[in-house]
Amino acid sequence: MRIVNDFPRRVMEEETWIPLPDGSRLAARIWRPVDAEIHPVPAILEYLPYRKRDLTAERDMQSHPYWAGHGYAGVRVDIRGTGESDGVLTDEYLPSELDDGLVILEWLQAQPWCTGDVGMIGISWGGFNGLQIAALGPPALKAVITLCFTDDRYADDIHHMGGCLLGDNLSWASTMFDGNACPPDPELVGERWREMWLERLDGSGLWLAQWLEHQRRDDYWKHGSVCEDYAAIRCPVYAVSGWADGYCNAVFRLLAGLDVPRKGLVGPWAHKYPHLGVPGPAIGFLQESLRWWDRWLKGIETGIMDEPMLRVWMQESMPPSARYDERPGRWVAEPAWPSPHIVEQAFRLTPGHDLLAEDAPREDPPEATLDLRSPLSVGLYAGKWCSYNAPPDLPHDQREEDGGCLIFQTPRLEAGLEICGSPRVELELAADQPVAMVALRLSDIGEDDKATRVSYGLLNLTHRDSDEHPEPLVPGQRYRVRIALKHIAQQFPAGHAIRLSLSTSYWPLAWPAPRPARLTLWPGACRLVLPRRDPRPAEEAALPAFAEPEGAPALAKTLIQPSQESWRVIRDLAQDRTTLEVVHDEGRYRIDDIDLEIAARVTERYAYAYGSYDSASGWTEWQRSFRRGDWEIHTLTRTLLTADADNFRIRATLDAWEGETRIFARTWDETIPRDLV
């Protein structure tokens, strides 16, 4: 990344407070031109629970001063109950969070250094609430950039996929369990820090239990899902994600569903801002964002809306790896979405495990069947639902998975094929249990037979007709289901093959069904439909290139202990027990400007005993500490999730120390009935 030291306008920074109607205060960090009270500027708001003072300080320092140097006010606000803001945070995207967001916009609009026009930007949580607040129609909000986000909190978030409960639901709950236990900084809030901290420790609660109370798409998940009414969003939206991220599907739904000026961008990246994008190539996203803000917050014609609505990175074939530094490919574009240039190319499944062109001669008995009951080991090499690419969390060679699957494969391709969009699979099947799932993986098979996962999809078969009103299967009854796989832009070269793999489990990416289920498949009635996109070289060559990544000077910090990471599959054959262990030790470092040392380590273990669905368990542990001089705090959170055929069980502990004294301890033991999951 190129570091920019000189900007068109000189920048100042301030920590301040935004008053709320109930007397509480939100903590804000603002970068703006020093002359903004004479020459006011628009504001760019990023509104998060991730602690502007420390945990996002490094990232914030690269972007907000950059925008400020180009004539904006970069504003980072801690959500109520996080960082130095008052209160207690008890869940995601609460109505109070959105109401506070409206107050922030009004406050910004009234500042003497602000023109009154505000944009919102955010990745993940901030991408969610930017859209949610836009749907409330605040007059000050003129444009949004939303990154790595969803428009549907049930169908396409870190909690569920296809009606299946995701393993990342536990992982994410544990991340917030840790985050909610962090104290405010005494340097900003003074002697109140301990009172505020104890209030958070006592009041934030066990979010995992709350989420597991809602296993179907009810009003809980509809709240904050802007897909319920796209028309409520009346300001321009730029939607951004990456193919390695969990949230790329929402970009395409937003482009199709909104009726406002909009753009979409999907690169090869994991859950990261594109100027920090890994896998690369990263792009000059801060420059791209300025083109957007200049157009919609300053009224400057930058040409950004004259370019295609959607740009995506067409990935070239690569051998499988849990981590990529770069994904070779090229930028391609579509004028609209859905695109008139995308056509369906269908393949049918055969009893001989082939994928053949739909119009190929049929030689197999139409009623031939294949049976499938997968071991729980299928999924150990799946990576995470939402990749952060640290520790290495992308899917590895899929041959490790395919031994427990039904696989169907094309002949070696005589000519290359490129796809862009969501592959679709249509299946005719029956199950021998009332609750069952099917996982589908699309893989690129190299000339050396290595299998690289390209896309995948899940379906809890009780959700075949509705996520809101699931119905148990009738054992033995034949059903027809459609499963949409994750959107992707991918090249399959000549000489490679395309493989579709089906399994009845995908642990620990998704929680197993209550009991092992056998599926019977009628392959002659099944098909794979690919969204084929033929190259358009002249149009692609005319696309303007993205600039190289650049940002403001980095945060000054001192490394005390380096980070460490590992991702291990441990098969104990003597005990017939398998464990996936993920460790991310963030090390210890000091933020020099505020003389604050921070350390954190997270360990996750997902285990099962051979052949026993009741043995599946997920365990997480977070350790975190903050230290400045004689002031030191330490927190430890642990969560264990298990299940039998009828219930989930959560056992969790939270401990907090001030110096050597443990000042808080709590345990939870919750049992929650399974609801067709």
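The model is a predicted one, in which local features need pLDDT of at least 70 and side-chain atom pairs count only at pLDDT 80 or more, while totals for chains, interfaces and linings use all residues. Residues are numbered from 1 along each chain as its sequence is written, and side-chain values use heavy atoms, with hydrogens and water left out.

Along the principal axes, the C-alpha trace spans about 80 × 60 × 45 Å.

Among contacts between residues at least 6 apart in sequence, 74% join residues at least 24 apart; contact means heavy atoms within 4.5 Å.

Helix α1, residues 57-69, has 13 residues and reaches 18 Å from its first C-alpha to its last, close to the 18 Å expected at 1.5 Å a residue. The expected span is 1.5 Å times one less than the number of residues. How many of the 13 residues of α1 are buried? The count is 11, so α1 is largely enclosed by the rest of the structure. Among them are D60, H64, Y66 and W67. Just after α1, G71 takes a positive phi of about 95°.

Helix α10, residues 285-297, also has 13 residues, which should span 18 Å; its end C-alpha atoms are 17 Å apart, which agrees. Here 12 of the 13 residues are buried, so α10 is largely enclosed by the rest of the structure. The buried residues include W292, W293 and W296, together with the charged residues E288, D294 and R295. G299 follows α10, and its phi is positive, near 75°.

P549 lies in the loop between α12 (537-541) and β27 (550-551). Is P549 buried or exposed? At 11% relative accessibility, P549 counts as buried. Leaving aside neighbours within four places in sequence, P549 is in contact with M1, R2, H275, A282, I283 and G284. P549 and P281 are 268 residues apart in sequence, and their C-alpha atoms are 9.5 Å apart in space.

T410 sits in the loop between β17 (406-409) and β18 (417-421). T410 is buried, with a relative accessible area of 6%. Beyond its neighbours within four places in sequence, T410 is in contact with F347, L355, A497 and I498.

A135 lies in the loop between α3 (125-134) and β7 (141-147). At 24% relative accessibility, A135 counts as partly exposed. Not counting residues up to four places away in sequence, A135 touches V226, A232 and I233. A135 and S225 are 90 residues apart in sequence and 9.8 Å apart in space, C-alpha to C-alpha.

Definitions and conventions: Helices (H or I, at least four residues) and strands (E, at least two) are DSSP runs, numbered from the N terminus. Buried means under 20% relative accessible area, exposed over 50%, partly exposed in between (1.4 Å probe, protein chains only).
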